[in-house]
Amino acid sequence: MEIRISNLSKNYFSDGKRIAALANVDVTIPAKQIFTLLGPSGCGKTTLLRCIVGLEVPDTGEIAIGDEVVFSRERNVFVPPERRGLNMVFQSYAIWPHMTVFDNVAYPLEVRGLPNEEIRRRVEGTLKFVQLEGFERRPATRLSGGQQQRVALARALVAEPKVILFDEPLSNLDAKLREETRKELREFLTTLKITAVYVTHDRLEALSLSDTVAVMKDGRIVEIGTPRQIYFDSDRRFVADFIGRANLVEGSVSAAPEAVTVVESPFGAIVCRKEADVSTGTAVAVCIRPEFIQILPGDAGGRPNVFRGRVESLLFVGDACEGEIRVGSALLVARLAATAGVKEGDEVLLHVDPAHCTVLSK
Amino acid sequence: MRHRHPLLTFGLIALVGFLTVCPVFMLVVGSVSEGLEAFGRFTLAKYAQAYTDPAFRDVLLNTAVFTIGSAILATGLALFLAYLNTRTNIPFKSLFAVISIIPMMIPHILFAVSWLLLLNPSNGIINLFLTQVLGLNNSPFNIYSLPGMILVEGLLDLPIAYLVLAPAMASFDVSLEESSRVCGAATLRTLRRITLPVLRPAILASITLVVVRSLASFAVPSVLGIPGRIYVLATHIYQIVATGFAPDYGVAAAVGMTVLVFSIALIYGYRHLTAESERFVTISSRGYRPTTIDLKGARYPLFAIVAFLSCLLILLPVLVLVYTSLVPYTMVPSGRAFASMSWRHWADVLRDPISLLSLKNSLFLGVVGASLGVLLSIFVCYTIVKVKTAASGILESLSFLSFSFPGIVIGVGFMWFFVHTPLYATIGALLIGYIATYLPYGLRPLTSAFIQIHSHLEESSRVCGGGTLYTLRRIVIPLLVPGLVSGWILMATMFVRELSLSVVLSRPGTEVLAVQIFRFAEDGLWGRLSALGIMMIMISTGLVVAASLIGRKLTQVEPADNRRLQVVG
């Protein structure tokens, strides 16, 4: 179900200072998709999630879930969380320690007063779906972190909510389990075709899990797009830097021919992908991702974007080598093939495809 | 490398074992002996005599009502206060820390006496005032009753209940409630299905602990119960050993067995419940501050209730005692009362040789007893926390055992021991009894201090080149100081006001403050009692202040460059 949020603001008062957790947020969250709110801690993503679910009361604005307005300051509407028909997976999972797995999952159905037979059937079905059959009688505290996470998911799914919200649900798992669970979660959610809003500060999680990513900063949504758009096409420094590792080279636009944009940088002209909105002379940064920096074995062969540099350091990280390469006054981070055969102190020729040089103008 | 120190461990087990097992063992043997002089000659006559006493059934019933009533009152109030403090935006939250600490410094017997002075049926100040103002024929309140005893004991045990409940409430993961709301349950259902069940182990732990405390309580039942002929187990035992021509320590021991068995069972129940409550602390969410409930208009009315409670707990007893110590006899505060004030009672006390002796004895027991107790606690905690062998586990259980000891019962147990030693009727007997009964008060703060000293802190000092002794001096001891100070304070204040053990062990020549106050209460000398009581509070406060000042001096972190500058200059 679609969620429409308009002009939502929320301020906190702490030590006499006003902190804007949300500043006039306008966003429409599409139905039956995984929508991720991504941002550094303190950017307001969790506050926005809690406003949607009803655990937080915004100062201004309106929230509508499907056709129902659940919050409106102007019309003085506030639907409490228990009557919004949503569900949520908490960061701490919030598994009730005094109940068994079955009782935890059955709770939303009991609250709705369903007959016992149906509760049993649906709880069993949901537990089967999240691969927790046979755990019904277990006290909820006697489960591993990953299992607790799945109990929380089952509890959120069992009453077939209109929308399911996730507040950093994987952050308490260790790295390997997190990777597996991420994949599982993606499968569960795409199978169910459910509207999901997912909050995280982990860019890998956002990129791999989402249909749409909204990047937040200082209480605002600064950019919305598919994971690929966010990663490759953003023209914002903050987004390009936050979503992945990036070399940001400062410079100014020197020419804007038909197919490309040329940026004059401290180490020479960089031919970039066409950026329509910038005029000659504008100060910009060029985003070059480390994985797109290539070492040329021999001569340049007339290609654009070839620079001479010196390998300052080289770190073997297993599947690749991470090198810092001094080009003029700039130091570029490059991800090189482990077999590239360069060593510290080598003079090298670098090449970056213009398609992977993005102009950041905002 | 972990040192095992077998000699230290077994030496401590022997010492702590003596302190904790000796009174219990002597109590058991004493209860089946024919008498103090005929120790070990087996008989079941004392049990028969104790449990066929027709009054015993009433004693048991009174005890049950008194302990459970106090537990419910204390826990209910503590739950209310802890909820307000941790979950709402009530103003002046620092007051809650005061409520939970300060009342422990007011001796129980004085607290009970101050309520007696207010609400006794013949000349309680409030009763006098109400009869005069409303023109009543009878006093409206009678503190010499079970409800009166429950009120006073419940207020006295409120801090303990609060200290059990507040951490549980603070570590309560708010998202447990939030997820219930999101699942469709409204506020009341969430309270009933989630909040209270999750807090249940902590609530039961608080009730259990207060039952144990009120079972051991002697001050309230003796000051308020005996005049109203309402006997509980503690005062029943006292009556057997202290009144009449032939005190029967065998019957007392037989009755004491019931108290002891209940106490030990309850304290192990308590231990189980706190473990349970810790198990309920799930992974708590990081980064999100718990939402506080906005009390809106109820903020200040609720705060007024809290302020009123803290007045009842702290200001009222002190004011009543100061007032009573200055007026010639009990009267309603009035112009005439203030005009007739004098230092007469204070002068009487300072001229009374027994009162002076009790001041001296209690001060000695407070200072020397607490110092010895803390010294023993250091070794015991070191063994429990840092040595960690199977034997040190035994040590932990042993030292925990004395936590359940009701003073008067342990006093009877020690009595059976001391009559066979030259320690009988000496101050040394009291010293040993005190340390045995109050050892957990020294152990608890020191255990947490030792746990804080992570072995890496010591190890890194060793790696930096500091030898064992140097590490001990520069790293371990400075980090222990706060624990040492609070352990010493707890023990010293307990010893200065100790009543229930002393009332059995104290003999002519070894009178202590609380016992002397108790004698004044028996004789109805309220003016002298109040004067001596205020002196007692001043001694306690003086010791607390002195210990805190010394502790602060020792823990001051001097900036290193400052010191170097001084050396250079």
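**Notebook: a sheet, a serine and an interface**

I looked up Leu165(A) and found that its bridge partner in β9(A) is Val197(A). This is a predicted model: local features need pLDDT of at least 70, side-chain atom pairs count only at pLDDT 80 or more, and totals for chains, interfaces and linings use all residues. Residues are numbered from 1 along each chain as its sequence is written, while chains are lettered from A and ligands numbered from 1 in the order in which they are written.

**Entry: the sheet**

I took helices (H or I, at least four residues) and strands (E, at least two) as DSSP runs, numbered from the N terminus. Strands β8 (residues 163–167) and β9 (residues 195–200) of chain A are joined by 5 bridges and run parallel. Two strands pair if DSSP finds at least two bridges between them. Strands of a sheet pair through backbone hydrogen bonds, either parallel or antiparallel.

Next I traced the whole sheet. In chain A, 6 strands make an open sheet, ordered β7-β8-β9-β3-β10-β11, with mixed pairing. Why is one side of β7 and of β11 left without a neighbour in the sheet? β7 (87–89) and β11 (220–225) of chain A stand at the edges with a single partner strand each, so one side of each has no neighbour there. From one strand to the next, the twist averages 20°.

I then checked helix α4 (residues 145–157) of chain A. This helix lies across β7 and β8 of chain A and runs at about 170° to β7(A). Axes are lines fitted to C-alpha atoms, for helices over the stretch in contact; angles run from 0 to 180 degrees between N-to-C directions. Contact means that the C-beta atoms of two residues, placed from the backbone, lie within 7 Å.

**Entry: Ser100(B)**

I found Ser100(B) in helix α4 (residues 94–101) of chain B. Is Ser100(B) buried or exposed? Ser100(B) is buried, because 21 other C-beta atoms lie within 10 Å. The cut-offs are 20 or more such atoms for buried, 12 or fewer for exposed, and partly exposed in between, with C-beta atoms placed from the backbone. Beyond its neighbours within four places in sequence, Ser100(B) contacts Pro159(B), Tyr162(B) and Leu163(B). Ser310(B) is 210 residues away from Ser100(B) in sequence, but 9.5 Å away in space, C-alpha to C-alpha.

**Entry: where the chains touch**

I counted 25 residues from chain A and 23 residues from chain B in the contact. On the side of chain A, α1 (45–53), β7 and α2 (101–111) each supply at least two residues.
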